[in-house]
Amino acid sequence: MPITHIVQGPDVTSSNRTAPLPSTSRGFSPWTPTKHCGQYPSGVIDVIDVFSGGTKEEIRLITTHIMSSPGIRQYFRQRESARRLAQFMASTSRPSRAQSVMTLAHVLGCSFKPNHFESVVHQLSLKEYWTSVPPLVSLARHQCGRTTARLLNWKMRAFIECQRFGRLDQVLEEFARDNVQPIRRTFHLLVSGHLRNRDLNSAKRGLEMMETAGFPVDASTHALIAITYRSLGLDPQVHARAFQALRHVDARTSTRVLNSIVQHFLDIGDERGVTNYIKHFGPVATREEATHKSGGTIPGADGVTSPPIHTCPNLSTLPLVPPNAATFTILINHLAKQRHFHRVHTVLDRMVEADVKPDTGIVAALIRTYCLSGHDDMAVSLLAAMLDSEADARSVTASLRVKWVPHTPINVKGINLTVHVFNAILGRVMEIRGLSGARFIFRIMLSKGIQPNETTIEVFLDYLDRTEHVTPRQLIRVLRSMSPAIHGPTVRHLNIILRNVLRRKKYLVYGSGWDATASKFSLTREHKPTFPEGRILLNTENFDPSGDLPRHRHSRYDAWLRPIILALSRKGVKTDRATIAMRLKQEATVDPTLGAAKSVFSDMIDQGMHPNRYHYTSLMDGYARAGDMRGAEQVMRFAKEAGFEPEVVMYTVLISGYGREGKPELAMRTFRSMVSAGVAPDVPAVDALAHGYFAVGAYSVARKVLLELWPQVKPFPSGLQNVSLQRLARAFRHSEHIRAARKEPLTQLERRLFYWKLRGVLQGWRYLQGLRVPSTFSTPS
């Protein structure tokens with residue numbers, strides 16, 4: 001259906017629907033198979049829909065009508081025809097119809113075997129309709145009187161994808177109840193699920209159960225652990241075992257393992273380590289050519305090559321591993337993150353040399369790259385090229401007010417349009433068009449029958465938090481409105497809300513801007529913290545869904561967050577490393593002695609999670625806020641010993657800390673040390689240095705810092721040469737990221753307009769949940 005003919009809002013009745021059923025309380029007229037839905041008459045779809053939601057009397061009339069209509073009966077009385085119909089329904093935007101088909105066919109006397117259900121479940125998995133899998137597996141047991149290991153494995157996989165980790169052990173109980181012997185894949189799914197949930201102890205227990213069942217740990221097990229270990233951080237022992245296993249697993253698994261290890265090293269910033277591993281992908285480059293082709297390493301953002309952080313095992317005898325599309329997706333995402341946009345096309349050339357076909361992941365990575373580099377026309381054109389026709393493509397580009405680019409860097413024809421592509425562009429479209437842009441994207445998804453996922457909600461919440469600067473209560477209300485469309489809230493959604501609360505709390509405790517610090521050293525102003533002593537905004541139990549819920553609601557945030565925490569707790573979701581990093585900041589604010597923060601840091605390590613830069617930086621910030629600069633510097637040394645070279649954020653924490661202590665000369669010394677170490681300063685680092693001089697009344701020096709260092713981080717606007725220090729500082733900070741620059745407080749009218757737009761977006765979201773294809777479509781205003 002052309003996008004230009006799609007309207008806002010759902011169309012409850014299908015445009016090709018006829019009146020297929022005999023007269024009932026709903027007034028249906030006799031069925032005539034004049035219209036078709038795909039390869040099936042529309043009357044077939046009608047009987048399925050009415051059967052799934054009809055009354056007992058309507059269902060009785062439907063079954064009678066089917067038995068008297070040969071054109072419909074053939075799809076429900078022959079089990080192979082019914083299986084094919086269920087598979088077709090599983091591939092549509094209404095996957096629940098697949099279960100209705102199997103149920104209706106069974107009512108009409110069709111006898112299924114478990115393998116018929118397995119084929120339907122497999123189709124559901126291809127479309128990632130995981131919520132529909134567990135009830136269908138239960139239906140198979142009810143109809144067939146038994147189940148199979150394959151069906152129960154699909155059920156466990158579905159629980160993992162839906163993040164219902166508390167149900168994994170229950171599936172094992174079903175194996176015992178139905179006298180079905182689990183296989184090695186069963187235990188591999190169990191272990192991978194617990195690792196994805198950051199539950200190392202349960203994963204170890206799963207390995208013990210696997211060995212007890214007669215499946216010793218082998219090469220495939222080590223490969224699986226390496227693939228799913230990312231949420232816990234980089235572990236050299238895990239990688240060493242995985243490397244030993246590469247010679248004994250198939251090529252596809254080898255590629256996944258090597259991709260995972262490359263991603264782990266990119267996560268910790270060990271770019272030399274990445275180069276050591278990536279050269280073992282073939283046929284992109286042989287071992288002798290790899291270093292030359294890659295320039296010796298993947299340089300950092302400042303162009304400086306860092307030494308390897310972790311030693312790599314000897315892979316001289318390892319055969320070359322074939323790369324896949326995910327390999328190049330990882331590289332493109334990394335280069336975009338490091339702002340090395342000019343090297344992305346080199347990666348695409350290597351992909352062509354390796355004869356790797358691009359997929360949805362490649363398209364999404366390219367869209368993110370073009371959005372970050374300011375090439376909105378190319379990003380939108382990539383999405384538009386995946387639509388049905390050139391008319392649709394031009395309609396989308398015109399609606400988003402970008403130029404249509406007919407020639408994209410890759411040929412996207414034949415690549416399935418999935419939710420991942422929309423997630424990649426959603427954030428940038430909202431930056432261009434605001435909430436109207438989100439509504440526009442949701443309508444295109446609706447017209448294409450594409451369901452949102454948890455990342456869709458994450459991108460939307462992140463925009464509301466960073467750009468619209470909504471309150472925590474608004475974020476919570478939006479999340480509670482949107483999460484029923486997926487599998488409920490995730491810990492990443494919770495992290496966005498916690499980040500918002502902590503930013504507010506930081507402002508209330510420490511103030512904002514240079515004046516907040518300057519008042520501490522002023523002879524004429526009294527320093528009064530705006531946050532009453534002893535008051536807290538958030539209970540620390542809110543940072544751990546797997547722990548006990550707060551018994552006492554210290555603030556309204558505890559009450560607002562309680563349903564989200566409860567939902568995560570019921571699913572057995574464990575806290576992740578990002579949540580722990582924010583908890584470190586929370587504890588440092590509540591307890592300036594940092595006793596609780598140190599305990600959280602130690603507990604994280606005891607749980608098997610490896611700290612990253614964010615954890616060390618959060619701990620450094622806690623010491624710096626408490627005035628213990630020696631402790632902050634010691635944490636940075638610990639981070640370096642752990643393999644994390646100090647980067648600009650860590651140095652900025654020290655520079656800001658010395659500035660708050662009224663020691664600008666030490667702040668300058670730290671700034672010089674940073675430059676000497678080859679770390680390029682950024683806007684926050686220069687701002688922190690100027691802030692240190694401003695705090696002690698050295699206004700002329702603060703001005704000179706901005707004028708002299710501004711050109712080192714970005715072009716200096718000539719019109720600001722003679723403006724006041726206040727205006728100069730604001731312009732410097734504001735231009736750090738124009739798209740996400742902090743807005744002035746909204747007026748009453750602006751606030752009402754924002755709420756009106758937000759209601760419209762949520763209304764469109766509810767339409768998307770139903771996924772009823774509308775007939776026309778309007779562009780955003």
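## The chain as a whole

Accessible areas here come from the Shrake-Rupley method with a 1.4 Å probe. By that method, the accessible surface of the chain comes to about 35900 Å². Carbon and sulfur atoms hold 50% of this surface. The model is predicted.

The chain has 781 residues, and 53% of them are buried. Its secondary structure consists of 38 helices and two strands.

## Helix H9

Helix H9 covers residues 168-177, and its buried residues are Leu168, Val171, Leu172, Glu174 and Phe175. Seen down the helix axis, these buried residues of H9 fall within an arc of 150 degrees, so they line one face of the helix. The face turned away from that buried side carries Glu173 and Ala176, which are exposed.

What do the buried residues of H9 pack against? Their partners are helix H8 (149-161), helix H10 (184-196) and helix H11 (200-212). Just after H9, Asn179 has a positive phi of about 55 degrees.

## Helix H10

H10 has 13 residues, and at 1.5 Å a residue it should span 18 Å. The C-alpha atoms at its ends are 18 Å apart, which agrees with that expectation.

H10 is mostly covered, with 10 of its 13 residues buried. Thr186, Phe187, His188, Leu189 and Leu190 are among the buried residues of H10, as are Val191, Ser192, Gly193, His194 and Leu195. The buried residues of H10 pack against H8, H9 and H11, and also against helix H12 (219-228). Just after H10, Arg198 takes a positive phi of about 60 degrees.

## Helix H17

Helix H17 covers residues 325-337. At the start of H17, a side-chain oxygen of Asn324 comes to within 3.2 Å of the backbone nitrogen of Ala326. Just after H17, Arg339 takes a positive phi of about 65 degrees.

How many of the 13 residues of H17 are buried? The count is 10, and H17 is mostly covered. The buried residues of H17 include Ala325, Thr327, Phe328, Thr329 and Ile330. Leu331, Ile332, His334, Leu335 and Ala336 are buried in H17 as well. The buried residues of H17 pack against helix H14 (251-268), helix H15 (271-278), helix H18 (344-353) and helix H19 (360-372).

## The loop between H24 and H25

Glu468 lies in the loop between helix H24 (454-466) and helix H25 (472-482). Is Glu468 buried or exposed? Its relative accessibility is 14%, so Glu468 counts as buried, the cut-off for buried being under 20%. The side chain of Glu468 makes a polar contact with the side chain of Tyr463, at 2.6 Å.

His469 is also placed in the loop between H24 and H25. Because its relative accessibility is 24%, His469 counts as partly exposed. Phi of His469 is near 55 degrees, which is a positive value in a residue other than glycine.

Glu128 is found in the loop between helix H6 (114-126) and helix H7 (133-144). Phi of Glu128 is positive, near 60 degrees, and the residue is not glycine. At 45% relative accessibility, Glu128 counts as partly exposed.

Pro563 lies within helix H28, which covers residues 556-570. Its relative accessibility is 31%, so Pro563 counts as partly exposed. Pro563 and Ile476 are 87 residues apart along the chain, and their C-alpha atoms are separated by 9.6 Å.

## Cysteines and disulfides

A disulfide is a covalent bond between the sulfur atoms of two cysteines. How many disulfides does the structure hold? The number is zero.

Cys162 has a relative accessibility of 3% and so counts as buried. Cys371, at 7% relative accessibility, counts as buried too.

Note on methods: Residues are numbered from 1 along each chain as its sequence is written. This is a predicted model: local features need pLDDT of at least 70, side-chain atom pairs count only at pLDDT 80 or more; totals for chains, interfaces and linings use all residues. Side-chain values use heavy atoms; hydrogens and water are left out. Helices (H or I, at least four residues) and strands (E, at least two) are DSSP runs, numbered from the N terminus. Buried means under 20% relative accessible area, exposed over 50%, partly exposed in between (1.4 Å probe, protein chains only). A polar contact is a pair of N or O atoms within 3.5 Å; within protein, one must be able to donate a hydrogen and the other to accept it, and residues adjacent in sequence count only if both atoms are side-chain atoms. The arc is that of the directions from the helix axis to the C-beta atoms. Contact means heavy atoms within 4.5 Å. The expected span of a helix is 1.5 Å times one less than its number of residues. A disulfide is a pair of cysteine sulfur atoms within 2.5 Å.
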